[in-house]
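Here are a few exercises to work through with the model open beside you. Try each task before you read its solution.

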Amino acid sequence: MTDLKLQIIAQLNLQDLKPEDIGDDQSLFVDGLGLDSIDALELIVLLQQQYKIKLANADEGPAVFKTVRTMAEYITAHQATNS
Amino acid sequence: MENIQSYITASCAIKNGKVFKNEKIIFENIEDTLSSFFVSIYKNFEMQYPKFYKMDMLSKLGWLAAEILLKNNFDTQKYKADEVAIILANTNASIDTDTKYFETIKDIASPALFVYTLPNIVIGEISIKHNFKGENAFFISEKFDPIFLKNYVQNLIINNNLQACICGWVELVKEDYNATLFLIEKEQNNIKFTAENLNKIYAL
């Protein structure tokens with residue numbers, strides 16, 4: 001999960017943060033890390049660029065990008081499906 | 001034109017690896033990249049605004065200059081939100097970010113870059129930070145034009161019930177950059193708001 005946090009920090013230019021500053025179950029949006037709608041789009045780009053995963057259903061977005069853990073689980077599940 | 005005298009109550013310039021406040025060098029640094037130089041300014045003046053890192057280079061430059069311009073020279077309670085205007089100009093609009101965005105569309109277009117493909121976004125970043133809601137405009141001109149700037153801002157002050165205006169030049173293309181901002185107020189000061197004085201400070 002540290003690698004994913006590093007990728008999120010790089011993709012979103014969160015240069016003040018270190019991986020350990022982001023909790024595995026910390027909310028990424030609003031009261032948590034405070035990400036916004038543009039950041040959400042960047043996370044979709046991250047999934048495509050780094051993991052070749054396309055978010056097929058936009059309605060899944062809030063659940064997938066809820067926390068680093070939910071993102072990691074989504075990536076793991078889709079990598080297993082693709083392999 | 002009604003004769004209301006306005007004054008340059010503060011100025012800030014960022015250029016050639018130096019930061020000037022009121023015509024004096026207050027910070028100087030040599031970094032390998034322009035991005036590192038901007039971060040060094042941000043850290044040196046102990047700014048706390050994580051969104052800074054997400055801005056494009058033009059917005060970072062203008063935002064830093066505005067922060068330093070207003071620091072210790074501006075009471076945010078003094079004016080209503082719609083009494084403060086921002087009027088900026090440059091030669092190359094947002095071409096630095098436009099080019100970077102164009103590079104990304106060969107793969108996957110970057111939403112974060114796309115939102116900065118207009119020069120007036122820098123005005124938005126400054127306004128968001130300080131809750132300014134007054135008149136704003138970003139002009140494109142071949143070179144810094146102090147006569148136009150003076151006439152335009154003075155006209156706003158006379159006709160739009162403005163009390164203050166942040167105005168000036170914010171230009172950035174690759175590693176070439178120059179931000180020179182002025183704070184214009186009606187409050188008496190020893191530097192009158194004239195084209196000559198704008199040009200004198202710009203030419204430092």
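**Exercise 1.** Which residue is the bridge partner of B:Lys18 in strand 3 of chain B?

*Solution.* A note before we start: this is a predicted model, where local features need pLDDT of at least 70, side-chain atom pairs count only at pLDDT 80 or more, and totals for chains, interfaces and linings use all residues. Residues are numbered from 1 along each chain as its sequence is written, chains are lettered from A and ligands numbered from 1 in the order in which they are written, and side-chain values use heavy atoms, with hydrogens and water left out.

Step 1: find strand 2 (residues 18–21) of chain B, which pairs with strand 3 of chain B in the antiparallel sense over 4 bridges. Strands (E, at least two residues) and helices (H or I, at least four) are DSSP runs numbered from the N terminus, and two strands pair if DSSP finds at least two bridges between them.

Step 2: read across from B:Lys18 to its bridge partner, B:Glu28.

Step 3: look at the turn of this hairpin, where 2 residues lie between the strands and B:Asn22 takes a positive phi near 50 degrees.

**Exercise 2.** Place the strands of chain B in their sheet, and say why strand 3 and strand 5 of chain B each have one side without a neighbour.

*Solution.* Step 1: write down the order, 3-2-1-7-6-4-5, for this open sheet of 7 strands with mixed pairing in chain B.

Step 2: go to the edges, where strand 3 (24–28) and strand 5 (136–140) of chain B each have a single partner strand, so one side of each is left without a neighbour in the sheet.

Step 3: check the pairing of strand 5 of chain B, which runs parallel to strand 4 (residues 84–90) of chain B over 5 bridges. One bridge there joins B:Asn90 to B:Ile140.

**Exercise 3.** Describe how chain B meets chain A.

*Solution.* Step 1: count the contacts (heavy atoms within 4.5 Å): 13 residues of chain B touch 13 residues of chain A.

Step 2: take the area. The two chains bury about 1000 Å² between them, 58% of it on carbon and sulfur atoms; buried area is the accessible area (1.4 Å probe) that two parts lose on being put together, summed over both. B:Tyr53, B:Lys54 and B:Ile108 supply 56% of the area that chain B buries against chain A, more than any other three residues.

Step 3: look for a salt bridge (a side-chain nitrogen of Lys or Arg within 4 Å of a carboxyl oxygen of Asp or Glu). The count between the chains is 1, and B:Lys54 forms a salt bridge with A:Asp39, their closest N and O atoms being 2.7 Å apart.

**Exercise 4.** Which parts of chain A does the pair A:Asp25 and A:Arg69 tie together?

*Solution.* Step 1: A:Asp25 and A:Arg69 meet through their side chains in a salt bridge (2.7 Å, N to O).

Step 2: A:Asp25 lies in the loop between helix 1 (2–11) and helix 2 (37–51) of chain A, and A:Arg69 in helix 4 (residues 68–82) of chain A, so the pair ties together parts that are 44 residues apart in sequence.
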